[in-house]
Amino acid sequence: MSLTVQNVSKTYGSFKAVDDLSFEFNNSGVFALLGTNGAGKTTSIRIILGMLSKDGGEVMWKGEPIRPAQGGIGYLAEDRGLYPKINIITQMYFFASLKGLKKSQAKKEIDYWFGRLGIDEYRAKKADQLSKGNQQKVQLAAALIGNPELIVLDEPLSGLDPVNADLFKSVIREEIAKNKFIIMSSHQMNIIEEFCDDIVIMNRGKTVLKGNLNQIKKAEGRVNLLVKSDGDFMELASQCGLIMKENTPNGVCFTVKEEKQAHALMQKMLEAGVPPIKFELREPTLNEIFIGCVENSAEREEIK
């Protein structure tokens, strides 16, 4: 079972929204589709789901082209997809019928997800009477009824408070444990790092980076050094050729060209009697990788 996206393109007039997008999602887990606003992520998602026609390329799920409204697929859209003036339970039965569920099975699954997500009390409410967070819970329930094998989550934690964000993350982990294939798009890079193995980063419709996240980080090397101490160590860091990136209550972050710079700073701090409370040499974050990729691709476009 796998999802294959091959040379997919979509053009609106002279604007190329998606330009030759290709990737393979061969193992269950979470795959991230990332990009700036307007990069082509949502267009790509709608093409993958069969909701939008493509100009070229193909999308294959389990060896067959994806069809609109195909069963076995769940979708939580970034934009609210609920009917504002219709009560929630009526909408849920409608969504279940679109997935081919009989009423008895739909009731069983709706009862489970409403209980799991804590929205039982809103059954008779109209969608526009619910907070954004509770509307998001309803949409997640709608995406997961029918036990889909392929799940697409577009900004799933957007607008959620920390308690409900943790609830959503626990549900995502449960779906991962069931060997589901989950495509996630989010601007919250810490969430992507928490869940995703493989990523595609898009900018202006083009793919600027793709691959296994751990391998990408490893290739970048341990280029960040976070140091915290009760003593002053900035002059020592300067002597080691370290360049300060940022200074926060959590410590001072330096850019490291070679790991021996970090080793030298540690030695100097110990000799000077200002031992570190925190001394962490680490790979770049996904947020740093993302910003670097987008900026580099923008520079290449300007040169052209």
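Six strands of the predicted model form an open sheet of mixed pairing, in the order S6-S7-S8-S3-S9-S10; strands are DSSP runs of E with at least two residues, helices are runs of H or I with at least four, and both are numbered from the N terminus. Two strands are taken to pair if DSSP finds at least two bridges between them. The edges are strand S6 (73–76) and strand S10 (206–212), each of which pairs on one side only. From one strand to the next, the twist averages 15°. S6 pairs with strand S7 (residues 150–154) in the parallel sense over 4 bridges, and Ile 73 stands opposite Leu 150 in S7.

Residues are numbered from 1 along each chain as its sequence is written. In this predicted model, local features need pLDDT of at least 70, side-chain atom pairs count only at pLDDT 80 or more, and totals for chains, interfaces and linings use all residues, while side-chain values use heavy atoms, with hydrogens and water left out.

Helix H1 (residues 41–48) lies across strand S3 (29–35), S6, S7, strand S8 (181–185) and strand S9 (198–203), and runs at about 135° to S3. Axes are lines fitted to C-alpha atoms, for helices over the stretch in contact, and angles run from 0 to 180 degrees between N-to-C directions. Helix H5 (residues 162–177) also packs on the sheet, where H5 touches S3, S6, S7 and S8 and makes about 145° with the direction of S8.

Ser 44 belongs to helix H1. With a relative accessibility of 1%, Ser 44 counts as buried (under 20% relative accessible area; exposed is over 50% and partly exposed in between, with a 1.4 Å probe and protein chains only). The side chain of Ser 44 reaches the backbone oxygen of Gly 40 at 2.7 Å. Residues up to four places away in sequence aside, Ser 44 touches Val 18, Leu 21, Leu 33 and Met 202, contact meaning heavy atoms within 4.5 Å.

The axes of helix H3 (residues 103–117) and H5 come within 10 Å and cross at roughly 135°. H3 and H5 are therefore oblique to each other (angles under 35 degrees count as roughly parallel, over 145 as roughly antiparallel, 65 to 115 as roughly perpendicular and the rest as oblique). Tyr 112, Trp 113, Arg 116 and Leu 117 of H3 meet Leu 167, Ser 170, Val 171, Glu 174 and Glu 175 of H5 in this contact.

Technical notes. A polar contact is a pair of N or O atoms within 3.5 Å; within protein, one must be able to donate a hydrogen and the other to accept it, and residues adjacent in sequence count only if both atoms are side-chain atoms.
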